[in-house]
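Visitor: Please take one part of this model and look at it closely, then connect that part to the rest of the chain. I would like the cut-offs spelled out as you go.

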Amino acid sequence: MAIKRSPKKNTFRKQGAPKHSTRRSTSIQKDRLATLWKQRKFGAFFAYIALCFIAISIGWVFLLRFINPPLTWLMVQRGFERKWEGKDWKLEKRWVRYDELSDNLKKAAIAAEDAHFMVHSGFDIHAIRNAYEKNQAGKSLRGGSTISQQTAKNVFLWPGRSWLRKGFETYFTVLIELLWGKKRILEVYLNVIETGDGLYGAYAATTAYFKKSPAALTKRQAALIIAVLPNPRRWSPAKPTAYINRRASLIARYLNYSQVPN
């Protein structure tokens, strides 16, 4: 009698993935998780730095609404430049309250530097566009900065031209427009601007050039002080060139059309 043999069972088990392949997959997943964690940490750190900067800058601007800026970056830089040139350190300035500044000086500054100061929100779009078109046409470089922008630059930032500084200037211009108002902006502007070699603000200029207080300036004297602002170390209100005389006459002519903050 023939003996039936049952078919042999398959003794080979299904082979799984190789151990080294599994390890590689696990390692890749860990690397991805580590990368994502680092990105999240970097993002959180960047957000923290940004929030700290915003909080500190707002507090700084708000504080200077009531406290007069003691120094600016430009004042310190000019002082060191004089030392490098072998000259004595010179920094003459004295704060003058808004009500003690001549209306002639306030009107002259607005007439010459920012005709739309009372109506814009920190930026004169028409002046910026006009300056851009003239610069593109190959004419001499001309800025379209308002008094608000110049004040933000002088008080909070360093001198120079760069997109980074321009970005910060825009930011601080918005802040001072919101937290200071026009009256405070004009007061700070007229007290920190460079008005001569080692001279800063209205008081230093009026006493050095005309031997009088800022409250007693005539229209002509106020116009001469403002006329030299593009380069106060080159030009002098006390000894005006033909160009400065023409510029001062033009400023004086439009002075009565300027409105000032009350």
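Guide: Arg82 counts as buried because its relative accessibility is 12%, where buried means under 20% relative accessible area, exposed over 50% and partly exposed in between, computed with a 1.4 Å probe on protein chains only. The residue lies in helix H2, which spans residues 73-84; helices (H or I, at least four residues) and strands (E, at least two) are DSSP runs, numbered from the N terminus. With neighbours within four places in sequence set aside, Arg82 is in contact with Lys87, Asp88, Trp89, Lys90 and Asp197, contact being defined as heavy atoms within 4.5 Å.

The structure is a predicted model, in which local features need pLDDT of at least 70 and side-chain atom pairs count only at pLDDT 80 or more, while totals for chains, interfaces and linings use all residues. Residues are numbered from 1 along each chain as its sequence is written, and side-chain values use heavy atoms, with hydrogens and water left out.

The loop between H2 and H3 holds Asp99, which is exposed, with a relative accessible area of 57%. Asp99 and Glu187 are separated by 88 residues in sequence, and their C-alpha atoms are 9.0 Å apart in space. For the chain, residues 24 or more positions apart account for 69% of the contacts with a separation of 6 or more.

Turning to the chain as a whole, its secondary structure comes to 10 helices and 2 strands, and 35% of its 262 residues count as buried. Tyr189, leaving aside its neighbours within four places in sequence, is in contact with Ala109, Glu113, Ile147, Gln150, Thr151 and Leu229.

The axes of H5 and H6 come within 8 Å and cross at roughly 110°, the axes being lines fitted to C-alpha atoms, for helices over the stretch in contact, with angles running from 0 to 180 degrees between N-to-C directions. H5 and H6 are therefore roughly perpendicular to each other, given that angles under 35 degrees count as roughly parallel, over 145 as roughly antiparallel, 65 to 115 as roughly perpendicular and the rest as oblique. By class, their contact has 4 nonpolar, 4 polar and 5 charged residues; here Ala, Val, Leu, Ile, Met, Phe, Trp, Tyr, Cys and Pro count as nonpolar, Asp, Glu, Lys and Arg as charged, and the others, Gly among them, as polar.

H3 and H10 have axes that come within 9 Å and cross at roughly 110°, which makes H3 roughly perpendicular to H10. In this pair Ala108, Ala111, Ala112 and Glu113 of H3 meet Arg247, Ile251 and Tyr254 of H10, and these residues divide into 5 nonpolar, no polar and 2 charged.

As for confidence, pLDDT is the predictor's confidence in each residue, from 0 to 100; the chain has a mean of 85, and 79% of its residues reach 70 or more.
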